[in-house]
Amino acid sequence: MTAPPGDRRRVAVIGAGWAGCTAALELARRGLAVTVYEQARMPGGRARRVLLDGVPVDNGQHLLLGAYGECLRAIAQVHGADAGAPALLRLPLALQPWGRQPGAVRLTAWRAPAPWHLAGALVGARGLRLGARYALAASLLRLRRDPAAIPATATVADWFRDLPRAAFDGIVAPLCVAALNTLPEEASARVFAKVLDTALGGSRADSDFLVPTTDLSSLLPEPALRQVAAQGGELRLGAAAQVTASAADGVTVEVEGHSEIFSDVVVAVGPHQLAQALGARPADLPGCRAALAMTGAFAYEPIVTVYLGFRAPVAMTAPVMRLDDRPGQWLFDRHGGSSTTWPAGTATMLAVVISAHGAHQRMEREALAVAVEAQLRRLEPGLPAVTWARVITERRATYACTPGLARPAPGRLAPGIHLAGDYTDAEFPATLEAAVRSGRAAATGVLEARAAADVRPA
């Protein structure tokens, strides 16, 4: 079906990740007829639900911060005040080692107003000498007071080079990898400073960890798209779309050999998919060409998740706990108790996360699962038998957040073509917060362009 030129209510969104779903919902709520194209069968992009042997799991684990205001607002909007159980479990900022890790850093923010919650965390920290605690506090204060002093070329390791090793390895490095998915020796100190300032520079609640209580597709993409459909929008899963032309009468999108015309298109695919989403003619437009040049220079970082099911309950004092990085980094309790969707005989499902690149990438999946199980048994002897083990690797989970990396801005690329994606946010690394912020920015750009066209003289 080909839409006639001049149908100014029709807007397309290419990509049903968190950025695309946010943009689609914002536009649908403003009365536009939104069509969402997603080449996968499951919405959510790089933060979605997948099925392994019929078992629903996430393609990676995501830990949100209390300071991620746009993301939390979007989740609250799609779930509503009467949604029953909360979609997110709120926990105080904590680094709690799991199992037997002598000398490991233990830190938990106090339930006190800012900044006393952080002062209390340092006072009560274990595994750090008094001098290391003082040096860490001084480094964080220096970073907050003058973030502009951080050289554009500085890595996180550069900026914290004078910090005692125990504080760097126990606190700075794991937070850097968790937030930027990039090793401290390669990660941008400026971007890390922004994350720390956002999380630690505001209220106590801003530093909280928020753990999803449901799978990632159910957390935002699916309910958002249901609301888009309720507003008269259309969702086309399993449909790869490409922008093929931009003209005064609209933007042409080709899907499965058919062309449709929209007044505006939001391209909300991953950076490695941008060239595919823009056809040859749009790609040659100046704004599109610049965005493609930037994303073409990106390097990418993986996230590996090892799922292990156990025959009996496994004790965890918190839903998220630190491992010793040999090889697993973080341990997630995947909703303790029992579940009818888990493999037969499974009482506990745990997820072990390994972020950024490393030696683990050279291991076969089965060998990595065995290594992670051995790690857990080394740290906690006497674990019950494993009933199920699977490994998921998201090879391009994020771009490598390196110093001075040029990134395209969200919004207008060319007449009628707008960009969204976590890689377009100027301040944050590739997080769900950045994705949601970019989706809102792209939707705002569409609405502003339409308003300007409405008042332009004939």
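Mentor: This is a predicted model. Start with helix α1 (residues 18-29) and helix α9 (residues 221-230), which pack at an angle of about 25 degrees. Their axes are 9 Å apart.

Trainee: Why are α1 and α9 called roughly parallel to each other?

Mentor: Set the angle of about 25 degrees against the cut-off. Angles under 35 degrees count as roughly parallel. Therefore α1 and α9 are roughly parallel to each other. Their crossing is left-handed.

Trainee: Which residues of α1 and α9 meet?

Mentor: From α1 come Trp18, Cys21, Ala24, Leu25, Ala28 and Arg29. From α9 come Pro221, Ala224, Leu225, Gln227 and Val228. By class, this contact has nine nonpolar, one polar and one charged residues.

Trainee: What makes α6 roughly perpendicular to α7?

Mentor: Helix α6 (residues 165-180) and α7 pack at an angle of about 95 degrees, with axes 11 Å apart. The range for roughly perpendicular is 65 to 115 degrees. The angle falls inside that range, so α6 is roughly perpendicular to α7.

Trainee: Which residues make the contact of α6 with α7?

Mentor: Val172, Leu175, Cys176, Ala179 and Leu180 belong to α6. Val191, Phe192 and Val195 belong to α7. The classes are eight nonpolar, no polar and no charged residues.

Trainee: Thr198 is in helix α7 (residues 189-200) too. Does Thr198 count as buried or exposed, and why?

Mentor: Its relative accessibility is 17%. Buried means under 20%, so Thr198 counts as buried. Leaving aside neighbours within four places in sequence, Thr198 is in contact with Ala67, Asp206 and Phe428.

Trainee: What about Asp284: buried or exposed?

Mentor: Asp284 is found in the loop between α11 (280-283) and α12 (286-296). Its relative accessibility is 52%. Exposed means over 50%, so Asp284 counts as exposed. From Leu25, Asp284 is 259 residues away in sequence and 29 Å away in space, C-alpha to C-alpha.

Trainee: How many disulfides are there, and how do you know?

Mentor: The count is zero. The two sulfur atoms must lie within 2.5 Å. Take Cys71: the nearest cysteine sulfur, that of Cys21, is 12 Å away.

Trainee: Why is Cys71 called buried?

Mentor: Its relative accessible area is 0%. The limit is under 20%, so Cys71 is buried. Cys288 also counts as buried, at 0% relative accessibility.

How values were computed:
Residues numbered from 1 in each chain as written. Predicted model: local features only at pLDDT ≥ 70, side-chain atom pairs only at ≥ 80, totals over all residues. Heavy atoms only, no water. Buried < 20%, exposed > 50% of the residue type's maximum accessible area, 1.4 Å probe, protein only. Helix = DSSP H or I, 4+ residues; strand = E, 2+ residues; numbered from the N terminus. Contact = heavy atoms within 4.5 Å. Axes fitted to C-alpha atoms, helices over the stretch in contact; angles between N-to-C directions. Parallel < 35°, antiparallel > 145°, perpendicular 65-115°, else oblique. Left-handed = near helix turned anticlockwise from the far one by under 90°. Nonpolar A, V, L, I, M, F, W, Y, C, P; charged D, E, K, R; others polar.
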